[in-house]
Amino acid sequence: MSALLQYVISGLALGCTFALVGSGFVVIHRVTRVVNFAQGAFPVIAGLATASLLTRGLPHGAAELVAILLGGVIGLVVGVVAIGKPGTPPLASLVITLGLAIFAYAVEIIVWGDQPVSFPGLSGTVNVAGARIQQQYFLVIVVALVTFALLELFFGRTYLGKGLAACASNPYSARLVGISVTRMGLVAFALGGVLGGLAGVLVTPLQAVSFDSDVTLAINGFAAAIFGGLMRPMMALVGGLVLGVAEALVAGYYESAFQTEVALAIMLTLMVWQASRRSALEEA
Amino acid sequence: MNRPTFGYAVAALAAAASFAVPLMLDRSQLTIFILLGTAVIVTTGLSLLMGYAGQVSLGQGSFYAVGAYTAGLMAVHGLPTLLGLAAAPVLAAALAALVGVPLLRLRGHYLAFATLAVQLILLSLVGQFEFTGGDIGLRGIPQLGVGDATLIDPLAYAYVTLAAAALVLLVTRNLIKSRPGRGLRALASTEVAAESAGVPVGRYKLAVFSLSAAYAGLAGGIYAFYLGYISPGSFPVLLSVQFVVMAVVGGLGTVWGPVVGATLITLLVQALNSLGTMPGMPAYAPDVLSYAVYALLLILVLLFMPRGLLPSIGSRLEDRRAISPTRS
């Protein structure tokens with residue numbers, strides 16, 4: 001029983017980080033119709049940067065904040081390259097973000113080397129119904145839930161957020177009322193970078209990251225985002241939690257080598273199922 | 001010179017050059033030549049898929065792996081090696097046809113992620129199974145040959161690769177010129193219009209997907225026989241990315257684009273590799289340089305020459321010929 005509880009809570013925490021990466025996919029895709037393959041690079045860079053900043057003597061909190069902002073800046077750069085040039089079709093933007101993800105490898109290896117890096121998070125453990133659970137798991141869950149609540153408020157209540165939502169629902173009429181769709185796209189990329197960075201800062205104490213961790217992070221995040229058809233951030237949270245718990249249970253009771261394959265299989269099934277319910281005209 | 005004759009002249013020149021070049025290469029250069037040839041074969045299929053069927057595959061490495069493992073496993077179990085080489089593209093195409101039925105309902109970004117997922121699943125399965133040698137891989141794959149006569153000389157492999165590449169290019173050229181080829185071009189621009197004009201969209205997409213997989217499988221078979229050792233680590237996701245870079249840089253949907261793209265990238269990466277392994281360079285230099293080159297070429301070409309090097313340069317030359325007053 002206590003083992004089950006442990007798996008579920010660690011799964012929920014891991015799922016929250018998937019959801020944060022996934023919400024980055026959603027925020028960017030909604031506004032720009034680009035699936036950002038470099039999404040996995042944001043958490044990796046933020047995680048690596050936090051570790052370096054902490055060893056340089058920056059206190060906890062400040063180091064994380066700087067790393068998250070760094071994620072936002074890199075998101076903006078990715079956005080400028082991917083959609084900054086007018087007339088770049090979405091499929092070209094997709095391959096450009098893939099190129100940027102590979103470019104990030106080169107930069108990450110030069111700056112941080114190719115070995116996995118981690119840093120200590122919250123160190124204590126909590127007793128929950130007989131199960132000893134690291135406090136860091138609870139920190140991840142709380143921060144992610146607060147972030148999603150803020151995200152909802154941002155899209156619903158603020159001027160900028162409403163502008164983003166307007167571009168998402170109809171780019172043409174958004175332009176008619178004077179919203180710059182390209183600028184909103186760049187804002188979306190920066191926000192995606194911040195969300196990815198936050199995920200990286202939270203997950204690195206739990207799992208060491210190295211330059212090529214981005215594939216796993218991106219695949220899991222994308223799988224979470226697929227739950228909402230890449231359009232609804234809240235569904236990415238649901239998707240992330242489902243995936244996280246499913247993977248933790250598979251790893252705990254069956255075989256940890258198949259952890260990612262669970263995410264992949266769920267993602268493929270969902271995508272094919274969603275596609276079979278859309279008509280060709282709707283997609284074109 | 002009018003266009004078709006010009007094209008044939010270039011093709012003849014390229015053929016003659018690629019026939020003569022292996023004779024002048026040493027052993028390690030021949031290995032590069034063979035890998036280049038297999039890259040041309042895979043990229044030709046991917047270019048067909050991306051350029052004509054308008055689909056991005058980030059999992060071409062998985063079909064390469066299927067071809068390599070098919071050939072390797074059959075040969076290791078004592079079956080004739082030629083049979084293994086013939087089965088490699090067939091099995092790769094069969095797998096593509098199988099996964100293609102559900103996957104090709106997806107388009108664009110979704111398909112790209114799905115093909116990537118297929119490769120990751122395949123690699124992890126290959127790493128788990130006993131009969132594929134697990135993560136350690138498959139060793140001692142015999143040399144390609146008929147009966148007792150086996151190919152040991154890398155030069156012979158160079159010509160086998162060359163013949164395979166020529167076959168693949170010929171099939172591709174004839175396909176593009178044929179009636180199905182025109183149908184494919186129609187479906188690349190708008191599927192709905194192509195469908196209403198009587199192009200069997202679903203069947204054609206599946207056929208091109210399978211054909212591109214067959215090319216990759218053939219290349220994988222040659223690779224397995226030449227190196228004699230394969231493991232899941234031989235087919236990383238980066239390999240699939242590399243094929244995409246070659247296809248995009250060379251020019252999608254052209255016959256010669258993949259040749260140009262693969263040659264350019266292979267030579268560039270080799271040059272940077274020797275630069276990166278020079279004394280005084282850090283240990284990570286070769287990796288970093290090749291990542292940077294893939295990335296920068298991909299991004300720059302997509303932003304500034306979206307049709308790829310070959311078509312962009314070709315049309316620029318044509319413009320110049322068209323406006324020059326000496327030619328009327």
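Author: In this predicted model, 35 residues of chain A are in contact with 36 residues of chain B. On the side of chain A, the elements that each give two or more residues are helix H4 (90–112), helix H9 (214–226), helix H11 (259–277) and helix H12 (280–283). The largest share comes from H4(A), with 14 residues. By class, the side of chain A that touches chain B has 28 nonpolar, three polar and four charged residues.

A word on confidence belongs here. Chain A averages a pLDDT of 86, and 96% of the residues score at least 70. Over residues 280–284 of chain A, however, pLDDT stays under 50. H12(A), at 280–283, is among the elements listed for the side that touches chain B. For residues 280–284 of chain A the model has eight contacts beyond four places in sequence.

Phi of A:Leu230 is near 65°, a positive value in a residue other than glycine. A:Leu230 has 22 C-beta neighbours inside 10 Å and therefore counts as buried. A second residue of chain A with a positive phi is A:Arg33, again near 65° and again not a glycine. A:Arg33 is placed in the loop between helix H1 (2–32) and helix H2 (41–55) of chain A. With 19 other C-beta atoms within 10 Å, A:Arg33 is partly exposed, because a residue needs 20 or more to count as buried.

Helix H2 (residues 27–51) of chain B and helix H11 (residues 257–276) of chain B pack at an angle of about 140°, with their axes 8 Å apart. H2(B) and H11(B) are therefore oblique to each other, since only angles over 145 degrees count as roughly antiparallel. Their crossing is right-handed. From H2(B), the residues that meet H11(B) include B:Ile32, B:Leu35, B:Leu36, B:Ala39 and B:Val40, as well as B:Thr43, B:Thr44 and B:Ser47. Among their partners in H11(B) are B:Gly257, B:Pro258, B:Val259, B:Gly261 and B:Ala262, together with B:Thr263, B:Thr266 and B:Gln270. By class, this contact of H2(B) with H11(B) has eight nonpolar, eight polar and no charged residues.

Notes
Residues numbered from 1 in each chain as written. Chains lettered and ligands numbered in written order. Predicted model: local features only at pLDDT ≥ 70, side-chain atom pairs only at ≥ 80, totals over all residues. Axes fitted to C-alpha atoms, helices over the stretch in contact; angles between N-to-C directions. Helix = DSSP H or I, 4+ residues; strand = E, 2+ residues; numbered from the N terminus. Parallel < 35°, antiparallel > 145°, perpendicular 65-115°, else oblique. Left-handed = near helix turned anticlockwise from the far one by under 90°. Contact = placed C-beta atoms within 7 Å. Nonpolar A, V, L, I, M, F, W, Y, C, P; charged D, E, K, R; others polar. pLDDT = per-residue confidence, 0-100. Buried ≥ 20, exposed ≤ 12 C-beta atoms within 10 Å, placed from the backbone.
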